[in-house]
Amino acid sequence: MTISPKNIFSLKPSVPRLFVALVAGVVSLGMGAADSGQARLLLTVVVDGLDADYLGLLDSHFGDGGFRRLQRDGAVLTADYGPGLDAAAATVTLVTGAAPSTSGVASSTRYDRENMRVTSLFRDPEVLGNFTAVGYSPAALRVSTVADEARIAAGGVNVVYAVSPSPVQAIALAGHAANSALWLDHKTGNWASSTYYKEMPVATATRNRTVPLSSRLDTMSWTPTLPPESFTSLPDHLRRYPFRYVFPASNPQRLDMFMASPLVNREVSGVAADLLSTLRVGQHEGVTDVLSLAYTLQPYNYGKATDKRPELMDAYVKLDRSLEQLFADIDRRVGLDKTVVVLAATPPRRQSRRDDGQWGIPYGEFSTRKAISLLNIYLMAVYGNGDYVSAYHKGQFYLNHALLKERSLDERMVRAEAASFLAKMTGVDRVHTIDDVVAGRAGEQAEALRRNIDYATAGDLIVDVAPGVEIVDDYNTAPAANHVSMVERMAATTAPVFILAPGIAPQTMGMPVDARAIAPTVCRILRIRSPNGAAAAPVHLLGK
């Protein structure tokens, strides 16, 4: 008897129900991800800040082989990340299928209570840097990634590489078992790696020696790809004067400015092209190689103008050209019919430049130094003299646990007292204690906030400031003449995801899906097991 989805539920009662359930599961798996044969390459592209609205707005300015190709031929999804994730934590959620409470990655940096300092999450003194003075490793990542599972499934015969301007994002994409993770050193501009990984690609090392970024910055300029007047959606005054940014040696911020510009995406694509050509990534028979890249489309917050829409639109056009070239290169060397492409965006940052005062938008400041000082004075009045507040880091206040233990004070009671005081400060929207977050009592998004907090590294108090309020972190950084004023804005925590794979039909899913479901979905397409922290079910995608 032939069993199909149409007749499976019409089987006679004599057929054991367990057998029916097993067959139904197999049929469902086949329907959820059509058999596409052995993929030779998994290309994962993470774009920080990609906004689906801008893709629609700029569609007429794109070529046919970049964003249009993904939208036309791929599965289009919207991933929901939940609140409070930066690009690094969102990337980890994408590639592990695990929330920060499971993966251990809630932010690119963490506050080290023992040494009382902020450090990069993947900073590892046990390893050395390649073309950098700082060593990084994925030791803090508690779970496996899609790249790890692909490496394990192939028995290590395949290759895995990740390229990103950020070391944390590069390591997140590379995972534990990669051949190499590559990132830009923010002091020298070199492409760097660490001795944790076994390879420093010769082509990348050669790039550092023969055409280092530091020697090219003086000659670079960022100007519009297309005439400004072609962007008819912009007001006239923004189309009249084209922008131009340069990166002279006399500017101490030039590397930071460059890495925030779309020109850094071109550097990422250049390193990727080197890996494809010299290491034959995607050209190994019988296994799936992995190449992961990170780009940025975040608003450019340098320069004097408040409205940076022309720069942002140009960044989209430039990235579209880069993607078109990348896909063409892969099609020529590997074949897109043998490649699974996953392009995923991370949520936009909830900050923007302060609007000009002429518009009358309500504005305020939240000084972290003042908040710590006032909170400490209040706690001293209640519990006696002492330094009760240790630090502020990324919206979280850390209490001095050693002092609380010495005074035999109940931590929960002190946190509740401190939260009540902070909630009354000007500019504060809401305050949650870590106890409320873990117990799922933290407001409307209680469950989402709970899963996006890593209890081991979290602060005692989580503070959200009101929209329109600038967080002046004068506790951790001294005021500077070139300080860029950034104010809080409410923003969605959803972002688009595109999956282009042989055997997967073009389709659009209207409802957002949990971001943790992306990794299991990709693994189903590749026919490998999901990462060990991925508990969400794969997304059901229609086959061709």
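**Aromatic pairs and nonpolar cores in a predicted model**

The structure holds 16 aromatic pairs, a pair being two rings of Phe, Tyr or Trp (its six-membered ring) with centres within 6.5 Å. Planes under 30 degrees apart count as stacked, over 60 as edge-to-face and the rest as tilted. This is a predicted model, in which local features need pLDDT of at least 70 and side-chain atom pairs count only at pLDDT 80 or more, while totals for chains, interfaces and linings use all residues. Residues are numbered from 1 along each chain as its sequence is written, and side-chain values use heavy atoms, with hydrogens and water left out.

**View 1. The pair Phe62 and Phe67.** The ring centres of Phe62 and Phe67 are 5.3 Å apart and the planes stand at 45°, so this pair is tilted. Phe62 and Phe67 are both buried (under 20% relative accessible area; exposed is over 50%, partly exposed in between; 1.4 Å probe, protein chains only).

**View 2. The pair Tyr111 and Tyr398.** Tyr111 and Tyr398 form a tilted aromatic pair, with 4.7 Å centre to centre and 50° between the planes. Tyr111 belongs to strand E3 (residues 109-112) and Tyr398 to strand E16 (residues 396-399), so the pair ties together parts 287 residues apart in sequence. Helices (H or I, at least four residues) and strands (E, at least two) are DSSP runs, numbered from the N terminus. Tyr111 is buried, at a relative accessible area of 6%; Tyr398 is buried too, at 2%.

**View 3. A cluster of rings.** Trp222, Phe243, Tyr245, Tyr300 and Tyr302 are linked into a cluster by ring pairs.

**View 4. Leu50 in the largest nonpolar core.** A nonpolar core is a set of buried Ala, Val, Leu, Ile, Met, Phe, Trp, Tyr and Cys residues joined through side-chain atoms within 4.5 Å. The largest one has 123 residues, of which Leu50 and Leu291 touch the most other members. Helix H13 (residues 309-333) gives the most to this core, with 10 residues. Neighbours within four places in sequence aside, Leu50 is in contact (heavy atoms within 4.5 Å) with Leu55, Phe67, Leu297, Tyr316, Leu343, Ala345, Thr346, Pro496 and Phe498.

**View 5. A separate core.** Another core, of 26 residues, lies apart from the largest one and includes Leu379, Leu403, Val428 and Ala466.

**View 6. The whole protein, for context.** The protein has 19 helices and 23 strands. Of its 544 residues, 55% are buried. Among contacts between residues at least 6 apart in sequence, 72% join residues at least 24 apart.
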